[in-house]
Amino acid sequence: MADAARPSRSRDLAMIAVFAGLMAALGLLPPIPIPLSPVPITAQSLGVMLAGSIIGARRGAGALLLFLALVAIGLPLLSGGRGGLGVFMGPSVGFLVGWVVCAWFIGLVTERLGAPYTLAKGLVANVLGGIVLLYVCGIAGVLVRTGMTLKAALLSNVPYLVGDAIKVVIASLVALGVHRAYPGLLASRRVGASR
């Protein structure tokens, strides 16, 4: 029994490492400053959606935790070459912490909707986790770190909507292709399965 679990643990760790690496790769794309917001647009929220959609709740959150641990120890993996504990004191802290929560949530919704993965299921999971929940976390961080009013913080997120909607579609399409190629990533939902 222990031998059977070992390859699974190794596979889980490999997937976590790959998606932490994907986050780092997406950080190489330069951030786009937004005049209304203290937080720039980055490609890394796409990595959050991909992690949850492809490797699920536990592994997706693990990949983001690993990534943020590497950032915390000073590796310049965030967009714009940022890293170190100081980034967790800035206005983007809600988004950074939210990445872990959102990857977990997207993965959970994806797992609960079950196999086969469809574009519609992916869009639902990524909109709820990658936009709605991420904005809640991000706006909370902006409110705490900047002292902006709620109305100003809400308005500062409007410029992100179009880009994040595009990321939702990209993540859902990529996840659809991956799940078609590797159907075992999600457990099948069987009606009336034996207990």
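**The largest cavity and the helices around it**

Tutor: In this predicted model, the lining of the largest cavity draws at least two residues from each of four helices, namely α2, α3, α4 (119-146) and α6 (160-181). A search of the whole structure finds 1 cavity of 30 Å³ or more, and the volume of the largest cavity is about 210 Å³. Its lining consists of 18 residues, and those lying nearest the centre are Val39, Pro40, Thr42, Phe95 and Trp99. Sorted by class, the lining of this cavity comprises 10 nonpolar, 5 polar and 3 charged residues.

The arrangement of the contributing helices may now be considered pair by pair. Helix α2 spans residues 44-72 and helix α3 spans residues 93-113; their axes come within 7 Å of each other and cross at roughly 125°. Where α2 meets α3, the contact is made up of 16 nonpolar, 8 polar and 1 charged residues.

Helix α3 also packs against α4, at an angle of about 160° and with the two axes 8 Å apart. Because angles over 145 degrees count as roughly antiparallel, α3 is roughly antiparallel to α4. Here the crossing, in which α3 passes α4, is right-handed. The contact of α3 with α4 contains 15 nonpolar, 8 polar and 2 charged residues.

An unreviewed UniProt entry carries the annotation "transmembrane region" for residues 12-32, 38-56, 63-81, 87-110, 122-145 and 165-182. Two of these annotated stretches can be set beside the model. Over residues 165-182, the chain is 94% helix and 0% strand, with the end C-alpha atoms 25 Å apart.

To return to the cavity itself, its lining includes residues from α2, α3, α4 and α6. Among these helices, α3 takes part in both contacts described above, crossing α2 at roughly 125° and packing against α4 at about 160°.

Technical notes. Residues are numbered from 1 along each chain as its sequence is written. This is a predicted model: local features need pLDDT of at least 70, side-chain atom pairs count only at pLDDT 80 or more; totals for chains, interfaces and linings use all residues. Side-chain values use heavy atoms; hydrogens and water are left out. Axes are lines fitted to C-alpha atoms, for helices over the stretch in contact, and angles run from 0 to 180 degrees between N-to-C directions. Ala, Val, Leu, Ile, Met, Phe, Trp, Tyr, Cys and Pro count as nonpolar, Asp, Glu, Lys and Arg as charged, and the others, Gly among them, as polar. On a 1 Å grid over the protein atoms alone, a cavity is a set of points where a 1.4 Å probe fits but cannot get out, and a pocket is an open set with protein on both sides within 12 Å along at least five of seven lines; lining residues have an atom within 4 Å of a point. Grid points are joined across faces, edges and corners, and a volume is the space filled by probe spheres set on the points. UniProt positions are given in the numbering used here, feature names are shortened, and annotations may be inferred rather than shown by experiment. Angles under 35 degrees count as roughly parallel, over 145 as roughly antiparallel, 65 to 115 as roughly perpendicular and the rest as oblique. A crossing is left-handed if the near helix is turned anticlockwise from the far one by less than a right angle, and right-handed if clockwise.
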